[in-house]
Amino acid sequence: MAFNITKKLAGGVAGSALLMFGAATAAGSAVAATPPQTAGADPSATTHVVNDQEVLARLLDQGDAPYVRLANVEGAFAFNQEGTTPNDELFNVFGTALTSMCSKPAVELAESEGGVANFYVNVGGNVKKSFTIDVRELAEDKSQETLMACSCATGAPFGQARVMGVPLSAVVEMADLEDGVNTVTAYGADGFGQPLPLQYALEKNALLVYQVNGEELSSSAGSSLQLWMPETVARYFTRNIVDIELTQEAEEPVLQGMDPCYRNKVNVLNYSDGCVFKAGDEITFEGVADDLGSPVTAVEFSFDGGATWTSCATEGATADKWVNWQFTTTFEDAGDYRMTVRAKTADGEVSPLAATLLFEVA
């Protein structure tokens, strides 16, 4: 699960629009292969098992400064699954460990209609006849638009975008496949490609995307297309696709998932000028939770270092999009406060790392 958090006064009484994007103070530490928690252990500690690996998370004491601790804080909760990440952040703020969508410098976006977009793709492999398609021709009656989350498997970045593209299935339907084809690999202009189980890509409705957040993609590398799939780590989001290979493999490729150490990521967005609020005023906290593949079923808040949690259900949330939540409450006493946020998923997992926000009530 991952979080973005914004701090703002309810009713729009926010300060100047100051955007801070980056790693927030983590409220826990992950240690692999640790023993399960026993009765009487730290109530803020949780054990998280992913792919047979145990990850222990424990809230850390962030300095010696005292802060006001409140148990079972009540408030108004709301959520939706809307919202997008600006394109400059989506393509630039991601890490550099991989050569897929989340690692390269920002693509050039077409400044005018038409731009220098190139949507030609070669299709080959275990097909009876190789061919080349112009995705723009398919786009006339096959295009789909959807809101989709994406997250790097081995780094902090995550985001969500409204994308438009042609279903990969439309290309596969055009190919005269040989018997036993079970793998699809989209190759970028630089030769990068990640093999995928063909059936998985079709079931997830993988898209050959040519537009992100309303802006047409363009590239000087031979193609502008990107492969996007819901509930799939961004290492498979190949950019500048020039070739699609449909092949028969002895064994289907093993789908790579989220590294347990990076399942939880924390970024902070701050839209207020400082983080000081007045006693008695309503304060609305806002953020994003995402677990990539498992629906978030609840977002939980603690104002006493994890001793107690206020659980807010996110009934109906789906796994293909993040959960954009808002929690509104008031504080009558002046002092320093710490809010810790975590999420729970449909498969019973709790955030190994929680997000912590420090603020002052004057």
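This is a predicted model: local features need pLDDT of at least 70, side-chain atom pairs count only at pLDDT 80 or more; totals for chains, interfaces and linings use all residues.
Student: How many helices and strands does the protein have?

Tutor: The secondary structure comes to 4 helices and 24 strands. Buried residues make up 51% of the 362 residues. Among contacts with a separation of 6 or more, 75% join residues 24 or more positions apart.

Student: Why is N72 called partly exposed?

Tutor: Partly exposed lies between two cut-offs: buried is under 20% relative accessible area, exposed is over 50%. N72 has 49% relative accessibility, so N72 counts as partly exposed. N72 is placed in the loop between β4 (53–57) and β5 (76–80).

Student: What is the phi of N72?

Tutor: Phi is positive, about 50 degrees, although N72 is not a glycine. N205 also has a positive phi, near 55 degrees, and N205 is a residue other than glycine. N205 is found in the loop between α4 (198–203) and β13 (207–212).

Student: Why is N205 called partly exposed?

Tutor: The relative accessibility of N205 is 31%, so N205 counts as partly exposed.

Student: Where does Q199 lie, and what makes it partly exposed?

Tutor: Q199 lies in helix α4. Its relative accessibility is 46%, so Q199 counts as partly exposed. Q199 and V181 are 18 residues apart in sequence, and their C-alpha atoms are 9.8 Å apart in space.

Student: What makes β13 and β14 a pair?

Tutor: Two strands pair if there are at least two bridges between them. β13 and strand β14 (residues 215–218) have 2 bridges, so they pair, in the antiparallel sense. V212 has E215 in β14 as its bridge partner. The hairpin of β13 and β14 has 2 residues between the strands, and N213 there takes a positive phi near 50 degrees.

Student: Why are β8 and β12 called edge strands?

Tutor: They belong to an open sheet of 5 strands, in the order β8-β7-β16-β11-β12, with mixed pairing. β8 and β12 (196–197) each have a single partner strand, so one side of each is left without a neighbour in the sheet.

Student: How do you know that β7 pairs with β8?

Tutor: The cut-off is at least two bridges. 4 bridges join β7 to β8, so the two strands pair, and they run antiparallel. N122 stands opposite T132 in β8.

Student: What makes β18 and β24 partners?

Tutor: Again, a pair needs at least two bridges. β18 is joined to strand β24 (residues 355–361) by 2 bridges, so the two count as a pair, and they run parallel. The bridge partner of V276 in β24 is E360.

Student: What makes a set of residues a nonpolar core?

Tutor: Its members are buried nonpolar residues joined through side-chain atoms within 4.5 Å. The largest such core has 36 residues. Those with the most contacts inside it are V184, L196, L227, M229, I241, I244 and L246. Elements that each supply at least two residues of this core include β7 (120–125), β11, β13 and β16 (241–247). The largest share, 4 residues, comes from α3. Another core, of 22 residues, lies apart from it, with V299, M339, A343 and F359 among them.

Student: Which residues does I241 touch?

Tutor: Leaving out residues up to four places away in sequence, I241 touches Y120, V121, A186, Y187, G188, L208, S223, L225, Q226 and L227.

Student: Why is a space called a cavity?

Tutor: A cavity is space where a 1.4 Å probe fits but cannot get out. The search of the whole structure finds 3 cavities of 30 Å³ or more. The second largest cavity holds about 50 Å³ of space.

Student: What lines the second largest cavity?

Tutor: Its lining is L168, V184, T185, A186, Q194, L196, L227, Y236 and T238. Strand β11 (residues 183–188) gives the most, with 3 residues.

Student: How many residues of each class are in that lining?

Tutor: The lining has 6 nonpolar, 3 polar and no charged residues.

Technical notes:
Residues are numbered from 1 along each chain as its sequence is written. Side-chain values use heavy atoms; hydrogens and water are left out. On a 1 Å grid over the protein atoms alone, a cavity is a set of points where a 1.4 Å probe fits but cannot get out, and a pocket is an open set with protein on both sides within 12 Å along at least five of seven lines; lining residues have an atom within 4 Å of a point. Grid points are joined across faces, edges and corners, and a volume is the space filled by probe spheres set on the points. Ala, Val, Leu, Ile, Met, Phe, Trp, Tyr, Cys and Pro count as nonpolar, Asp, Glu, Lys and Arg as charged, and the others, Gly among them, as polar. Buried means under 20% relative accessible area, exposed over 50%, partly exposed in between (1.4 Å probe, protein chains only). Contact means heavy atoms within 4.5 Å.
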